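Here is a short report for a reader new to this structure. Look at the model first, then read on.

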Amino acid sequence: MPDATGLELLARELGDAAIETVYFRNRATVVVDAARIRTALATLRGQGYAFLASLHGVDYYPEEPRLGVIYELLDMSRVDRITVKLRVPSDAPQVESVTADWPTADHQEREVYDMFGVVFEGHPDLRRILMPEDYEGHPQRRDFPLGGEPVIFTRDEAKWLEARE
Amino acid sequence: MEVKRERLGPAGAAPGSIRSRPPGAGGERSKSAQRVQSLNAHQLLRGGDLEGANQPAHLEGEELDRYVEERVLTTTLDKTVAWARSNSFFPLGFGLACCAMEQFQTAGPRMDIARFGFEAFRASPRQADLIILAGRVSIKMAPIIRRLYDQMLEPKWAISMGACCSSMGVFNNYALVPADKFMPIDVHVPGCPPRPEALMHGVLKLRKLVQDDPDMGWRERYDAVGTEEHPFDA
């Protein structure tokens with residue numbers, strides 16, 4: 001990971017797209033403006049971080065902006081990694097898709113869309129990937145219920161039978 | 001001892017017919033049935049000159065029918081077919097998740113399911129008559145499984161293996177559906193995952209069920225009352 005100084009230099013490269021930098025336990029994170037994510041990642045690619053390892057979704061409920069997307073970039077030649085974060089509000093959850101530059105984002109952005117509801121504009125095929133196509137709701141959001149079937153323990157069986165009548 | 005000869009009226013069946021009356025018909029045991037019950041082995045099996053209680057009994061007509069029905073193994077066509085079916089399940093091993101690992105071992109050398117004749121796991125539902133749902137069934141997978149089940153030919157049975165198929169198990173969340181919600185299941189095998197012995201026990205229970213001898217209540221069988229977890233008046 002770039003050290004604290006290196007991280008600040010990177011942030012300066014990104015310009016005003018970088019809102020904040022966090023250096024914690026030898027891990028560098030830069031929080032960028034959601035509208036300029038694609039150029040920010042391109043800049044980082046120029047700096048050597050050419051491998052998008054994964055992208056994740058986060059729900060910061062009840063803080064606003066509520067939804068977040070996290071990109072993990074790796075520099076394979078220098079054995080280095082950096083995390084790029086962005087935040088979008090839930091009433092306008094549009095983020096530009098980086099699939100054109102980073103092909104691995106194809107399925108992973110679909111997963112973030114499915115689970116959190118972040119809409120990636122410019123994605124070639126944005127549809128649900130884990131849940132059925134006609135499913136309603138975004139399951140990994142914090143206000144989505146856990147779901148499942150109620151469990152009837154034997155010791156509660158009599159109560160259930162009474163409640164049914 | 002005098003041999004009774006009963007004359008059959010128009011209501012009775014022709015002599016020599018197996019099904020002179022349905023078994024257990026009405027509340028009255030005919031005299032012939034009672035008599036057949038009371039005969040002992042000597043009277044039935046041996047001929048020749050015997051004295052007293054061991055004198056051979058000559059059965060005719062309705063008595064003969066009852067005797068054949070009750071004391072001799074009568075394999076009707078249904079029973080024969082059920083025996084054949086139950087001893088030659090062709091499982092469509094549908095291993096979805098972790099339970100599939102235990103399902104493989106049921107077919108392995110230690111818990112050999114080939115002992116019973118069920119080793120022919122078919123890949124095509126058209127050739128299988130028993131689907132063993134081994135693993136979690138997600139909402140997306142459910143219509144696919146239903147389609148496979150519909151493609152199987154009658155008669156067909158289904159075993160729900162493990163806790164997840166039967167009752168969601170540890171993965172009781174938005175993504176899964178219990179198998180009972182979209183297809184009929186004959187035997188549920190509990191466990192997470194059930195040991196190969198447990199799956200074997202479930203398959204053998206199904207076999208008994210197919211042989212028209214459903215092995216339902218172990219409590220009745222062993223007369224085990226008073227140890228229920230929550231006794232309630234059903």
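What share of the contacts in chain B with a separation of 6 or more comes from residues 24 or more positions apart? The share is 73%. The model is predicted.

## Chain B in outline

Chain B holds 9 helices and 4 strands. Along the sequence they run in the order α-α-α-α-β-α-β-α-β-α-β-α-α. The chain has 234 residues, and 26% of them are buried.

## Where the chains meet

Chain A and chain B touch. Chain B gives 11 residues to the contact, and chain A gives 11 residues. On the side of chain B that touches chain A, 5 residues are nonpolar, 4 are polar and 2 are charged.

## Helix H2 of chain A

Helix H2 of chain A spans residues 37-46. Its buried residues are Ile37(A), Ala40(A), Leu41(A) and Leu44(A). These residues lie on the same side of H2(A), because they cover an arc of only 95 degrees around the axis. An α-helix has 3.6 residues a turn, so residues three or four places apart point the same way.

What do the buried residues of H2(A) pack against? Their partners in chain A are helix H1 (4-14) and the strands E2 (27-32), E4 (67-75), E5 (80-88) and E6 (94-96). After the helix comes Gly48(A), with a positive phi near 115 degrees.

## Helix H5 of chain B

Helix H5 of chain B covers residues 98-106. Cys99(B), Glu102(B), Gln103(B) and Thr106(B) are buried in it. Why do they share one side of H5(B)? They cover an arc of only 105 degrees around the axis, and therefore sit on the same side of the helix.

Several elements of chain B cover these buried residues. Among them are strand E1 (91-95), strand E2 (130-134), strand E3 (157-161) and helix H8 (196-210).

## Gly95 of chain B

Gly95(B) belongs to strand E1 of chain B. Is this glycine buried, exposed or partly exposed? Gly95(B) counts as partly exposed, because it has 17 C-beta neighbours inside 10 Å.

Set aside the neighbours within four places in sequence. Gly95(B) is then in contact with Ala100(B), Gln103(B), Ala134(B) and Gly135(B). One of these, Gln103(B), is a buried residue of H5. Ile131(B) is 36 residues from Gly95(B) in sequence, and their C-alpha atoms are 9.8 Å apart.

Most residues other than glycine have a negative phi, and most peptide bonds are trans. Some places in this model depart from that pattern.

In chain A, the peptide bond from Tyr61(A) to Pro62(A) is cis, with omega near 0 degrees. Pro62(A) sits in the loop between strand E3 (51-59) and E4. In chain B, Cys192(B) and Pro193(B) are joined by a cis peptide bond, with omega about -10 degrees. Pro193(B) sits in the loop between strand E4 (187-189) and H8.

## Positive phi outside glycine

Arg25(A) is not a glycine, yet its phi is positive, near 55 degrees. Arg25(A) lies in the loop between strand E1 (18-24) and E2 of chain A. Arg25(A) is exposed, because 5 other C-beta atoms lie within 10 Å.

Met168(B) also has a positive phi, near 75 degrees. Its loop runs between helix H7 (163-167) and E4 of chain B. Is Met168(B) buried or exposed? Met168(B) is buried, with 20 other C-beta atoms within 10 Å.

Note on methods: Residues are numbered from 1 along each chain as its sequence is written. Chains are lettered from A and ligands numbered from 1 in the order in which they are written. This is a predicted model: local features need pLDDT of at least 70, side-chain atom pairs count only at pLDDT 80 or more; totals for chains, interfaces and linings use all residues. Two residues are in contact if their C-beta atoms, placed from the backbone, lie within 7 Å. Ala, Val, Leu, Ile, Met, Phe, Trp, Tyr, Cys and Pro count as nonpolar, Asp, Glu, Lys and Arg as charged, and the others, Gly among them, as polar. Helices (H or I, at least four residues) and strands (E, at least two) are DSSP runs, numbered from the N terminus. A residue is buried if 20 or more other C-beta atoms lie within 10 Å of its own, exposed if 12 or fewer, and partly exposed in between; C-beta atoms are placed from the backbone. The arc is that of the directions from the helix axis to the C-beta atoms.
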